[in-house]
Amino acid sequence: MKYILLLLSSLSFAQTYQIINEENLDVSYRGLAFQDAKTFVVSGSKNTIGKTIDGGKTFTWINPKVVENRDFRDIEVLGKGNYLALGIDSPAYILQTKDGGHTWNKVYENNEKGIFLDAIYVDKNSKKITVLGDPMSPDKPFVLTSTMTNPTKWEVAKSFHGQPLRLKNPKEAFFASSGSNLYVDTKQTLIVTGGELSNLYYYTPKGGQMYTLEKTKSTTSGINGMAYDAANNVGYLVGGDFMKPEDSSYNFYKFKMINGKISFQDSWKYPIGYKSGVTIISKDKVLVCGYSGVDYSTDGGHNWVNITKDSYNTCTVSPDKKYVILVGNKGKIAKVTL
């Protein structure tokens, strides 16, 4: 196992960055979810799922036998040893294990031409599971819903909180770069698009709203990832152009919910380059990742420190807020200790 240690300090914070695993050099990871402070799972290409119970010191590698050669772009934890893995394109699958990865079952299968599933979101309070997919018709996203109590039953949703699903432009879609373009709770749902246009759609029982986000003219640009902390009422959007990873244009937005509407907050500086993933550590601490590297802010996104230029797709903070795990291409898994 290869380790790289880097100590950074700025004002009152310091982090250590280390690559903790590179065993599967031909695998690209984009799925990442925690079961507890020491146990997390990763998922990626070539039918690969990994699990650690010691914070990333060792991994058990799993290749579900019920499907072949799938790219698992997202993975979520329903409970102890109970995981869902998302196989993205036709045939699209959702797999479930109840025994920590030893055995898997298909709980959803779709062989339609053009099917492409992007992200899973599990709301532990409502027990609702939502899967977001690229449009199967020109004017709305493809959405599946289920429950944590019975994830073998899936329904195609026509609305969020009673509001019809919609897309402003038929060429809008969702980037499955980090499985984080979707947020759902009992009061609201957020989805964010890229492609021809980049929009943030906000659904509540009182109505739906759309917010247009600035982007470059390229169809490979827009917002890729989102994180929202309802307890502290703060959210972040990250993106840019994945074909121009060093370009920082329109790669970061910060927002809050004020009087039932989204209010975007000014930022002084921006992280470096294209970003695909974001994780909120606390009210003011946020970490972002992408092809251009990993950046960290302790003041709510006003100022940033670059931790590494190494490329990663997805980042998630541990439940105890002591470290962030990052996963990327070429089998790379890393840890930033906070």
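**Ground rules.** I'm working with a predicted model, where local features need pLDDT of at least 70, side-chain atom pairs count only at pLDDT 80 or more, and totals for chains, interfaces and linings use all residues. Numbering starts from 1 along each chain as its sequence is written, and side-chain values use heavy atoms, with hydrogens and water left out.

**Core.** I looked up the largest nonpolar core, which has 17 residues. (Such a core is a set of buried Ala, Val, Leu, Ile, Met, Phe, Trp, Tyr and Cys residues joined through side-chain atoms within 4.5 Å; buried is under 20% relative accessible area, exposed over 50%, partly exposed in between, with a 1.4 Å probe and protein chains only.) Leu84, Ile94, Leu117, Ile129, Val131 and Trp154 touch the most other members. Strands E8 (82-87), E9 (92-97), E10 (105-110), E11 (117-123), E12 (128-137) and E13 (140-147) each supply at least two residues, and E11 gives the most, with three. (Strands, E, are DSSP runs of at least two residues and helices, H or I, of at least four, numbered from the N terminus.)

I then picked Val131 and skipped its neighbours within four places in sequence. Its contacts (heavy atoms within 4.5 Å) are Leu86, Ile94, Leu117, Ala119, Ile120, Phe142, Val143, Leu144 and Trp154.

**Strand E8.** Is E8 covered on one face or both? Both: Asn82, Leu84 and Leu86 are buried on one side, and Tyr83, Ala85 and Gly87 on the other.

Next I checked its partners (two strands pair if DSSP finds at least two bridges between them). E7 (72-79) and E8 pair antiparallel over six bridges, with Asp74 bridged to Leu86 of E8. Their hairpin has two residues between the strands, and Gly81 in the turn shows a positive phi of about 70 degrees. E8 and E9 also run antiparallel, joined by five bridges; here Gly87 has Tyr93 of E9 as its bridge partner. Four residues make the hairpin link from E8 to E9.

**Another hairpin.** E25 (252-258) and E26 (261-265) are antiparallel too, over five bridges. Ile258 is bridged to Lys261 in E26, and Asn259 takes a positive phi near 55 degrees in this hairpin, which has two residues between the strands.

**Lys38.** I found Lys38 in the loop between E3 (29-34) and E4 (40-44). Lys38 is partly exposed, at a relative accessible area of 49%. Leaving aside neighbours within four places in sequence, Lys38 contacts Thr52, Ile53, Asp54, Gly55 and Tyr323.

Of its 15 lining residues, Arg73, Phe175, Ala176, Ser177 and Phe242 are the closest to its centre.

My grid note: on a 1 Å grid over the protein atoms alone, a cavity is a set of points where a 1.4 Å probe fits but cannot get out, a pocket is an open set with protein on both sides within 12 Å along at least five of seven lines, and lining residues have an atom within 4 Å of a point. Points are joined across faces, edges and corners, and a volume is the space filled by probe spheres set on them.

How many cavities of 30 Å³ or more are there? The count is one. The largest cavity's lining includes Lys215, Asp241 and Tyr250, and E23 (221-229) and E24 (234-241) each supply at least two lining residues.
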